[in-house]
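Please have the sequence and the model open while I talk. I will go through a few places one by one and then end with the overall counts.

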Amino acid sequence: MTLNTTEEWVDGDGYISDESSFYGDEDLRLHLEIETSNFSPSTYWSTQHLSLSSIAASNLALAARQAAQKANVKLYNPYEGQLSARQLTESVPEFLTRLPPLSSQLSEVGPWIWVANPHSTRRPLGENLGELKTAGEKLLEDFMGEKRRIERDMKGKAKATITRKLNPLVKELQDRIFEVAKEKGCTSGKV
């Protein structure tokens, strides 16, 4: 079967004429000129964002920008290499198969199962957890000594009276622990 490659023109007799009103008749042209003279581009664009097609177009543009940004982001997992954490190379089902929350043994993975946000832009700045624990234990030991002294000195007084005396010390302990945490770079999750 061969195709006919010669072009044939459609006969336009009766449909196309030099006298056709391509731009409309006088009344239509006058009507359109009045409409365009009243048209304000700034008003149009200030309300255009309410149009469904405009919203869809802006959402598509935003999604494209976000996809481009995600492609440039380097994923980060502070728990990478730890048995008790999800790895960047694991899917969620693979992770849950490897480390099921209900049946994982404390002796194998410890008390916590960790999952980090790989898209987080926060990176630890030289955390020194060991020094924080040591300093925190010292602060707590000092507090407990002061608490025992106050309880001994106020023996026989109402529990509410002792608690009122201890509350400022508790607040001071919290503040000092937070200060040490900042000094040691261990403020992840704190305000």
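Ser84 sits in the loop between H3 and H4. Helices here are DSSP runs of H or I with at least four residues, strands are runs of E with at least two, and both are numbered from the N terminus. This is a predicted model, in which local features need pLDDT of at least 70 and side-chain atom pairs count only at pLDDT 80 or more, while totals for chains, interfaces and linings use all residues. Residues are numbered from 1 along each chain as its sequence is written, and side-chain values use heavy atoms, with hydrogens and water left out.

Is Ser84 buried or exposed? Ser84 is buried, because its relative accessible area is 9%. The cut-offs are these: buried is under 20% relative accessible area, exposed is over 50%, and partly exposed is in between, with a 1.4 Å probe and protein chains only. Leaving aside residues up to four places away in sequence, Ser84 touches Leu99, Val109, Trp112, Ile113 and Trp114. Touching means contact, that is, heavy atoms within 4.5 Å.

Next is Gln87, which is also in the loop between helix H3 (52-72) and helix H4 (92-98). Gln87 has a relative accessible area of 13%, so Gln87 counts as buried. Which residues does Gln87 touch, not counting residues up to four places away in sequence? They are Asn77, Tyr79, Glu80, Gly81, Gln82 and Arg98.

The side chain of Gln87 also makes polar contacts with the backbone. A polar contact is a pair of N or O atoms within 3.5 Å; within protein, one must be able to donate a hydrogen and the other to accept it, and residues adjacent in sequence count only if both atoms are side-chain atoms. A polar atom of the Gln87 side chain lies 2.6 Å from the backbone nitrogen of Gly81. For the backbone oxygen of Ala85, the distance to a polar atom of that side chain is 2.9 Å.

Now the charged pairs. Side chains of opposite charge can pair when their charged atoms come close. The rule for a salt bridge is a side-chain nitrogen of Lys or Arg within 4 Å of a carboxyl oxygen of Asp or Glu. How many salt bridges does this rule give? The count is nine.

One of them joins Arg29 to Glu26, with 2.7 Å between the closest N and O atoms. Both residues lie in helix H1 (residues 26-37), three residues apart, which is about one turn of the helix. Arg29 is partly exposed because its relative accessibility is 34%, whereas Glu26 is exposed because its value is 57%.

Helix H6 (residues 129-153) holds Arg149 and Glu146, again three residues apart, about one turn of the helix. Their side chains form a salt bridge at 2.5 Å, N to O. Arg149 also pairs with Asp153, at 2.8 Å, and those two are four residues apart in H6.

On to the nonpolar residues. In soluble globular proteins, nonpolar side chains tend to be buried together. A nonpolar core is a set of buried Ala, Val, Leu, Ile, Met, Phe, Trp, Tyr and Cys residues joined through side-chain atoms within 4.5 Å. The largest core here has seven residues: Leu132, Leu139, Phe143, Leu173, Val180, Ala181 and Cys186. H6 and helix H7 (159-183) each supply at least two residues of this core.

Gly185 is in the segment after H7. Its relative accessibility is 21%, so Gly185 counts as partly exposed. The C-alpha atoms of Gly185 and Glu127 are 4.5 Å apart, although 58 residues separate them along the chain.

Last, the overall counts. The protein has seven helices and zero strands, and the pattern along the sequence is α-α-α-α-α-α-α. Of its 191 residues, 13% are buried. Among contacts between residues at least 6 apart in sequence, 52% join residues at least 24 apart.
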